[in-house]
Amino acid sequence: MSYNSFGHMFRVTTFGESHGPALGCVVDGCPPGIPLTEADIQTDLDRRRPGQSKFVTQRKEPDRVRILSGVFQDERMKQQVTTGTPIALLIENVDARSKDYGEIRDKFRPGHADYTYWAKYGVRDYKGSGRASARETAARVAAGAVARKVLASLYKSVRVRGALIQMGTQTIERKRWDWDEVANNPFFCPDAKAVGPWTEYLEGVRKKGSSCGAVVEVVAEGIPAGLGAPVYGKLDAELASALMSINAVKGVEIGDGFATAALSGEDNADEMRKGRRGKPKFLSNHAGGILGGISSGQPIVARFAVKPTSSILTPRRTVDVDGNETEVTTKGRHDPCVGIRAVPVGEAMMALVLADHALRHRGQIG
């Protein structure tokens with residue numbers, strides 16, 4: 001299996017399976033001298049960690065990260081810093097229950113990657129789905145924490161934040177958007193009044209043994225104009241690719257995305273006025289902070305749609321490895337809405353793309 005690496009100057013290779021002994025990543029291209037400790041990474045991993053509420057998988061993984069290489073500190077130094085060499089990060093699996101998957105060993109779950117992995121490789125890890133599991137994203141979040149440190153070293157006011165803006169049929173009221181509210185509820189929801197209805201809705205989904213999809217929005221602020229490159233290194237193209245690579249993501253849009261198809265040229269145009277220090281002031285941000293594949297200095301806005309979890313208790317018709325028609329239900333511990341824990345994953349992928357482009361920009365422009 002190739003293609004487990006991501007990025008160019010800031011490059012990440014992830015490894016490991018859902019029910020293997022551990023998973024992790026190697027971060028290559030991180031500049032030297034950047035303060036980095038396990039606690040810096042753990043903060044982001046704790047936001048993604050399973051088992052924190054009844055609305056996510058009850059698998060109890062502490063997701064404690066270990067830095068195996070790429071950092072240094074001695075008695076002359078106030079803090080541990082990166083050395084410029086590869087940073088290896090390891091996260092052990094401690095609560096896998098492989099026996100839960102024995103009944104689907106030879107069956108393909110509808111909507112899942114079971115069949116396509118088997119068709120391509122002739123073998124599949126049915127115990128927790130191996131690399132097809134959303135657990136793989138823990139390594140991305142760990143790498144994303146390193147990317148955040150790189151961005152912070154380059155841009156003083158950079159900030160990458162995400163929120164869940166839709167769960168199944170339930171949406172938010174944008175007039176009530178409050179970033180501070182995101183940390184106050186189990187859904188990463190920015191609308192305090194939506195939390196009650198969302199709780200009731202997902203409780204119903206969970207009790208039925210079903211699942212629902214979601215939409216996540218990620219916003220990066222403090223990114224200067226100039227990141228990205230035409231024609232095949234466009235910032236929005238690589239951001240879309242990064243977000244689409246997240247397990248269960250089926251759609252990505254930048255800025256107003258598909259809604260721009262219904263706008264007129266006048267409505268869609270982000271008009272500019274004279275701003276401060278020779279930079280323009282934009283009156284709107286339909287483009288999501290990217291024009292011609294290059295950042296404009298406005299907030300970079302991306303959204304992605306996450307499909308319902310395929311592992312559900314409701315019986316579904318399928319076939320087995322011999323082509324026989326059968327029925328499948330999935331036991332074990334699964335997210336009724338995998339989009340909830342996708343919020344920190346989306347933030348991580350945004351940070352990874354921006355860190356890579358920031359270093360590429362510095363290398364090309366100086």
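Okay, ground rules. Because this is a prediction, local features need pLDDT of at least 70 and side-chain atom pairs count only at pLDDT 80 or more, while totals for chains, interfaces and linings use all residues. Numbering runs from 1 along each chain as its sequence is written, and side-chain values use heavy atoms, leaving out hydrogens and water.

Let's start with the sheet. It's open and antiparallel, with 5 strands in the order β1-β2-β3-β7-β4. Strands here are DSSP E runs of at least two residues, helices are H or I runs of at least four, both numbered from the N terminus, and a pair needs at least two DSSP bridges. β1 (5-6) and β4 (65-67) are the edges: each has a single partner strand, so one side of each lacks a neighbour in the sheet. β1 pairs with β2, residues 11-16, over 2 bridges, and F6 has V12 of β2 as its bridge partner.

Now helix α1, residues 38-48. Which of its residues are buried? They're I41, Q42, D44, L45 and R48, where buried means under 20% relative accessible area with a 1.4 Å probe, protein chains only. Down the axis of α1, they fall within an arc of 165° (taken from axis-to-C-beta directions), so they line one face of the helix. They pack against β4, β7 (87-92), α3 (137-154) and α7 (342-365).

Look at I41. Beyond neighbours within four places in sequence, I41 contacts (heavy atoms within 4.5 Å) L36, V65, I67, L89, A142, A145 and V146.

Definitions and conventions:
Buried means under 20% relative accessible area, exposed over 50%, partly exposed in between (1.4 Å probe, protein chains only).
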